[in-house]
Amino acid sequence: MKLQILSIYLICIILSSIVLVESSNKHHFKENDEVPFYVNNVGPYSNPTETYEFYTLPFCKPSSISYKKTKLGEILQGDSAVLSDYQFPFKSSFENKQLCEYTLKKNDIEKFKKAIGEYYYAEMIYDDLPIFSFVGTVDDSDPNNIKYYLYNHIPFEFDYNGDQVIRVNIDTEHIKVVELADQDEITLKLTYSAKWQPTEHEFSKRMDLYEEFFTKELEIHWLSVMNSFFLVVLLTAFLAIMIMKILKNDYSRYSKTDEEEDSDYQEDYGWKLVHGDVFRFPPYKNVFSAFYGIGWQFISIVCGILALSLFGMFYPNNGGNMYTAGIVLYALTSGISGYQSAKMYKNMGGNKWAWNIVLTATVFVAPLFIVVILSNTVAITWHSTVALPILTMIEVITIWLFVGFPLTVVGGIAGRRLSENFDAPCRTKNFPREVPPIQWYRRLPCQILIAGFLPFSAIYIELFYIFNSVWGHSTYTLYGILCLVFLILINVTVCITVALTYFQLSMEDHKWWWNSFINGGSTVVFIYMYSIYYYYYISHMYGLLQATFYFTYMFIVCFFFFILLGTVGFYSSLIFVKRIYRNLKSD
């Protein structure tokens, strides 16, 4: 199975490198060659998900609408690029070239004023390079007399190296505007200019110019991550020393001979007394096995995406490659979830194999499908470009039906046949031991607060940058730091879950299976709480469409990491429990 996972990663990396090489070969031009200029989406700057087609605003349209050929990832991120009448021949500079001249009626003027008031920005594409510009600007210095200005002249600046385009920018200092007053109609004359200048910047690194991390901010970022890293090291060392010392005392107490106990008798207490119940399988075996199997699949997906990111697969305006990679990796790694789920289910003595496979294949897909349908319905109502076309939904479902689900079935059959018996160091008694009363501050709700807060405190600084990238307009390319933070998260989750499992067993509570899984995944409670705080107090997002996408997809993300971190917490606790009871001498 490890060899299969490694093969999948190698195939993805090879394919990504081939795609990058082929794409770079398409970006060579001769002087005065025509390069297509596309206008993509417009939408409020505060709502990155709320996007509409460019010509929903009353700009002058081409005589015929020609859409850019889009890939799966571009459709998933809501791209709807249209070939425009802008003409920028390669290395050809000019001034005040007229795009069009037309008349705006009162209704069209009001549309522009509304868009300018909501800070609509437009995305354009030239040689696969993104260009961003606001539609206009507003002067609200006098609340009683707000003025709206529409950009009617846009000066473009192009950097080139040899026969390749390196960068496209807009000279904001020389933008010209026209005021949109309260009038019945206005005649607009839209113009633009182009200025080409050479540069020594390499084509292979042109996307680095779009990174927004300045040197000082990057240093602060690294310092915060290293601070979290050293705190995690200290926490790990502290917990390891503490648990080892306590276990040493426990073993010393439990290993006393009967003669020594006669002279100074003390009744046994602690985790030794539950040795006959600690390996009693939990309720809802099918659900537990499905979560466990999917958790291993999600770990493989995250490792695969991080590996691809380190190889430079993801960069600004990369056509939604991360969406495509996520779908492909989910389909290809479905065999892992089927194998691990069936293996665990057989160890637990389960016999409903069909339900086990179906549950493993749908326990995450079903909530995701509901969220997609809900958000898509709202997007269609708003006529937004983020609404997925029916053909795209059929394409994704087909990938799951003909690749993901069959691999889950194959993995389930393999897991059932190849799994060995559950290696329990202690024999489980016929009748379960009664759990003694436990103080309220040692019960599961309080454990969730402790188990979730510590891992969250180690990653919350990085969450701010990730949220700004996903739900804002920042660019995130520090994937090396992201890998380090992911390792920190896994390490803290392992340490705190093992510690809480030990304390639970010390209270003679043998029902640790589900508790360790829930404690491991409890970090998502704080992540979702942070997402609520981010929406209301950090971002400026508003409206039903944006709120629907934000909160529903954040729920799916949190559900994803609940299963992933829950699997990490349970598996580490399972290894720990087996280890301490294997060294225990019991009757």
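**The cysteines in their setting**

Analyst: Happy to! In this predicted model, buried residues account for 51% of the 587 residues in the protein chain. The chain is built from 16 helices and 11 strands, and 80% of its contacts with a separation of 6 or more join residues 24 or more positions apart. Its exposed surface comes to about 29900 Å², with carbon and sulfur atoms supplying 61%.

Now to the cysteines themselves. The structure contains 1 disulfide, and the partners are Cys60 and Cys100, with sulfur atoms 1.9 Å apart. The link between Cys60 and Cys100 is left-handed, at -80° about the S-S bond. Cys60 sits in the loop between β2 (52-53) and α2 (72-76), while Cys100 belongs to strand β4 (residues 94-105), so this pair ties together parts that are 40 residues apart in sequence. Both ends are covered: Cys60 is buried at 17% relative accessibility, and Cys100 is buried as well, at 13%.

Cys303, by contrast, takes part in no disulfide. Cys558 is another cysteine worth a glance: its relative accessibility is 7%, so Cys558 counts as buried.

Notes. Residues numbered from 1 in each chain as written. Predicted model: local features only at pLDDT ≥ 70, side-chain atom pairs only at ≥ 80, totals over all residues. Heavy atoms only, no water. Helix = DSSP H or I, 4+ residues; strand = E, 2+ residues; numbered from the N terminus. Buried < 20%, exposed > 50% of the residue type's maximum accessible area, 1.4 Å probe, protein only. Contact = heavy atoms within 4.5 Å. Areas by Shrake-Rupley, 256 points an atom, 1.4 Å probe, with all protein chains shown as cover. Disulfide = S-S within 2.5 Å.
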